[in-house]
Amino acid sequence: MNLSFYTAAVGAWQQQERLNVHGNNIANVNNYGFRAKRPVFSDLMYDYVQGAAGDDLARGTGAYMVSADTDFNPTGVSDTGLAMDYAIEGDGFFALWDPATGDYSYTRDGSFTMSQYMLRNDETGELETKWYLSDGFGKFVMGQNGRLIEVTDQKEKLPVGIFDFVNYNGMENLGDNRFSPIEKNGQLRVGSGKLLQGCLENSNVDLANELVKVIESQRSFSYALKMIQCSDEIETTVNGLR
């Protein structure tokens, strides 16, 4: 079959993937701490894409969305008046510890609450249940000293830790504005950002830009479908001449 048919089919498929990314950004435009995604494309001149029938398509069959990189550029904050809401002015993340798995994740979303957790008292050795700062989803916020933050007064400014990495590229998105570092992000270090209480960081989605990208994707998708139709008409004409 004409190679243009495959090129157009791959193009339509990838524009649909691009639309999904921008649509998700638009859906989270009012979600505090959300980091927008940016689709990254590469040509297929030297790559293979598995076809629907399991066969590899020939080289040079269009473009492919290799990833959706996260845009970590900071944005403004909104006052909430809630003492347990925190934002970071500048670079850095809040660290969250999951007691069920022992894993750490990182976020810019500082909409915290408090939850009970049982820890052993260092002096008496007995288990004690206390209130600690939490994200409300079973994870606990780490303090400046790398330990859980005990809440005794809901209105006081708590010593919430700010942590950072040398490189953000490639951080794994865990959902709910949570990220997990990978090897190339480097070692964890103390963040240079400033802690703000009583406010939350806004989403960094640029709605105007996202709408423009959606229109671009829709136009490209329609052009790809037109190309498929044209290729089909050419094949029909050739078959009619036999």
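This is a predicted model: local features need pLDDT of at least 70, side-chain atom pairs count only at pLDDT 80 or more; totals for chains, interfaces and linings use all residues.
The protein contains two helices and 15 strands. Its radius of gyration is 24 Å, well over the 18 Å that the globule rule gives for 242 residues, so the protein is more spread out than a compact globule. Along the principal axes, the C-alpha atoms fill a box of roughly 90 × 35 × 30 Å. Buried residues make up 36% of the 242. The accessible surface comes to about 13,800 Å², and carbon and sulfur atoms hold 50% of that area. Among contacts with a separation of 6 or more, 63% join residues 24 or more positions apart.

Strand 5 spans residues 94–97 and is covered on both faces. In a regular strand, side chains alternate between the two faces of the sheet. Here Phe94 and Leu96 lie on one side, Ala95 and Trp97 on the other, and all are buried. Strand 5 pairs with strand 6 (residues 104–107) in the antiparallel sense, over four bridges. Within this pairing, Phe94 stands opposite Thr107. Six residues lie between the two strands of the hairpin, where Gly102 takes a positive phi near 80°. Strand 5 also pairs with strand 9 (residues 140–141), again antiparallel, over two bridges. There, Leu96 stands opposite Val141.

Asp206 caps the N-terminal end of helix 2, with a side-chain oxygen 3.3 Å from the backbone nitrogen of Ala208. The buried residues of helix 2 are Glu210, Val214, Ser217, Ala224, Ile228 and Ser231. An α-helix has 3.6 residues a turn, so residues three or four places apart point the same way.

Terms used:
Residues are numbered from 1 along each chain as its sequence is written. Side-chain values use heavy atoms; hydrogens and water are left out. Buried means under 20% relative accessible area, exposed over 50%, partly exposed in between (1.4 Å probe, protein chains only). Two strands pair if DSSP finds at least two bridges between them. A polar contact is a pair of N or O atoms within 3.5 Å; within protein, one must be able to donate a hydrogen and the other to accept it, and residues adjacent in sequence count only if both atoms are side-chain atoms. The radius of gyration is taken over C-alpha atoms; the globule rule is 2.2 Å times the number of residues to the power 0.38. Contact means heavy atoms within 4.5 Å. Accessible areas come from the Shrake-Rupley method with a 1.4 Å probe; for residues, only the protein chains shown count as cover.
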